[in-house]
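Trainee: Could you pick one part of this model and take me through it closely? I would like to see how it is built up and what lies around it.

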Amino acid sequence: MFAPGLPYYFAMSSMTSGKAVKTFPKYRPPPRLLQHMINLGLPPSEGTMLSPSSLKYQQVLKIECEDGQSSKEVAVCSTSIGLLRMEKNWDVKDDKDRLDLWVPGQTDPYAISMVKSYRAYFVLNALFALADRAVTTVRFYFANVFVIFLQYMEDEWPLLVDCIERGIIPDLADLGHLRAPLEKHFPPNPLRAAELRKIGPPGIQGWAVRVWPDLKKFIGITGGPAAASVPKITHILGPSVHIQALGYGTSECAIAITYHKGNPNTDFKVVFVDGVIEFLDAHSDEPSDRVLSAWELVTGGRYEPVLTTRNGLWRYRLGDVVAVKGFDPNDGLPIINYLHRRDGSLGLAFGTTCTESELTDAIVSAANRWIGQITDFTIVGDERDVPITYGYLVEIAGGKGMTQGMAPQQTFEDLMAANHGYRTAFWQGRSRKPTIRLVEKGTFSEFRRQRSDKMNVSIIQVKVPVVLSDPTFKEWLLKRVIMEL
């Protein structure tokens, strides 16, 4: 009834939880909604957009139709890739016929979206982006992936500038049939190369607007683990570049769009486009039959979204917790802030949990005061002593400072102030201060590569979870620890 016909793609979910990946059939929306912003794989831009995209899929399913004579191939992929394919009508079977394509307004030719090598993907996107002086918008699904992108630029700077000057594609692993269409789109540009040599690699404040003088906007998810990289991003972009979030949604359903009349990084306006959004009181343990409509919410309340979607879900509990900041005066729709996963906290032996947002805020605060620029982090249970505690594993951009040893105490004080249960557990001797250990440079970049290979998904879709439950990756990360603060 809700989803007639065959799906256009299967969206993948739960890609950071360590649990088995879930898939949801996604159908082409009605024509009147196809161009709505929530259904666009690439948002509109007034100029050229740097938005690395991938068309990588986990697998292709062949669906046999009831008549027994026809079938359809359907990709299993991330939602962003599925939306891009649907928007452009890019069926999997015709991928190789589009290798010479270059979508107007994009820095990356189509062929880059087919590159499988982790390093080659970032280096090629950096190459074409640097060669294009007219970039006005930078868009990364997760903002901290932009920091990895910048690191590749810095590491490969001489190579990139030399290739731009000579108009050559660097000798990267296994490009194969993709090399020829890329070379076709990359003529020599000695004037641009000279300009880039004068500017130098990423580092100084406002570097991005020197490289791209028309840059006006950065779009990306800046919450969760990405919050730790925001200072680095704002430093590179400079004060003239406007930063905003992508919106708030999941593989299951698009829930809210960026609310530009508030804080464009954290404020989202609920929209009823992809489905009907209802809510449960996050403080209640009652059965889910007490479902609230949007007009029953109150400012300051905390709720779990419940989804009934065009794609066939019926009152599906999402597991997120959002706070209502207020209501849009024009139409009365709720303005919400994402807080954390309802079950995403690290349940430790002392019987209480801090939320993802509390754990993130604590390390970001410590970084700003004592640690310096964090590239990425995650949290595991630290069982080296009793009682168990929160163990932060952190990668930093610079060297160790003289005052970094103060960071664990700052983190502890912030958690004590933020969470009554943690405070009580500590004074009762059931918890201890959190620990902070630094890992080798490049650890989380390699983590993403391994997760990408393991799940056969695009690297730009892999995020580092605030709380890591996968024992295999926990063991791997602990082997890369270089020191404790």
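Mentor: A residue is called buried under 20% relative accessible area, exposed over 50%, and partly exposed in between (1.4 Å probe, protein chains only). The model is predicted, so local features need pLDDT of at least 70 and side-chain atom pairs pLDDT 80 or more, while totals for chains, interfaces and linings use all residues. Residues count from 1 along each chain as its sequence is written, and side-chain values use heavy atoms, without hydrogens or water.

Let us start with asparagine 89, the residue that follows helix H1. Helices (H or I, at least four residues) and strands (E, at least two) are DSSP runs, numbered from the N terminus. Asparagine 89 sits in the loop between H1 and helix H2 (118-131). Its phi is positive, near 60°, in a residue other than glycine. Asparagine 89 counts as partly exposed because its relative accessibility is 49%.

The buried ones are Thr79, Ser80, Ile81, Gly82, Leu83, Leu84, Arg85 and Met86. They pack against strand E1 (9-13), strand E5 (71-77) and strand E6 (135-142), where contact means heavy atoms within 4.5 Å.

E5 leads us to its partner, E4. These two strands run antiparallel and are joined by 6 bridges; pairing requires at least two DSSP bridges between the strands. One of the facing pairs puts glutamate 64 opposite serine 71 in E5. Together E4 and E5 make a hairpin with 6 residues between them, and glycine 68 in the turn has a positive phi of about 75°.

Now look at serine 53, in the loop between strand E3 (48-50) and strand E4 (59-64). Serine 53 has a relative accessible area of 13%, so it is buried. Its side chain makes a polar contact with the side chain of aspartate 108 at 3.4 Å (a pair of N or O atoms within 3.5 Å, one able to donate a hydrogen and the other to accept it; residues adjacent in sequence count only through side-chain atoms). Leaving out neighbours within four places in sequence, serine 53 is in contact with Leu84, Asp108, Ser113, Tyr121 and Ile460.

The structure holds 3 cavities of 30 Å³ or more (a cavity is a set of points on a 1 Å grid where a 1.4 Å probe fits but cannot get out, and lining residues have an atom within 4 Å of a point). The largest cavity has about 140 Å³ of space. It is lined by 15 residues, and those closest to its centre are Pro52, Ser53, Ser80, Arg139 and Ile460. H1 and E6 each supply at least two residues of this lining.

For comparison, consider another helix, H9 (residues 356-371). Its buried residues include Leu359, Ile363, Val364 and Ile371. Among the elements that cover the buried residues of H9 are strand E16 (334-341), helix H10 (407-418), E17, E18 and E19. Glycine 372 comes after H9, and its phi is positive, near 105°.

Three of those covering strands take us to an open sheet, where 4 strands with mixed pairing lie in the order E17-E18-E19-E20. E17 (374-382) and E20 (481-484) stand at the edges with a single partner strand each, so one side of each has no neighbour in the sheet. Further in, E18 (residues 389-396) and E19 (residues 435-439) run parallel and are joined by 4 bridges, with leucine 393 opposite arginine 437 in E19. The loop between E17 and E18 holds proline 387, which is joined to valine 386 by a cis peptide bond with omega of about -5°.

Arginine 315 has a positive phi of about 45° although it is not a glycine, and it lies in the loop between strand E13 (302-309) and strand E14 (316-317). Arginine 315 counts as partly exposed because its relative accessibility is 40%.

Note on methods
On a 1 Å grid over the protein atoms alone, a cavity is a set of points where a 1.4 Å probe fits but cannot get out, and a pocket is an open set with protein on both sides within 12 Å along at least five of seven lines; lining residues have an atom within 4 Å of a point. Grid points are joined across faces, edges and corners, and a volume is the space filled by probe spheres set on the points.
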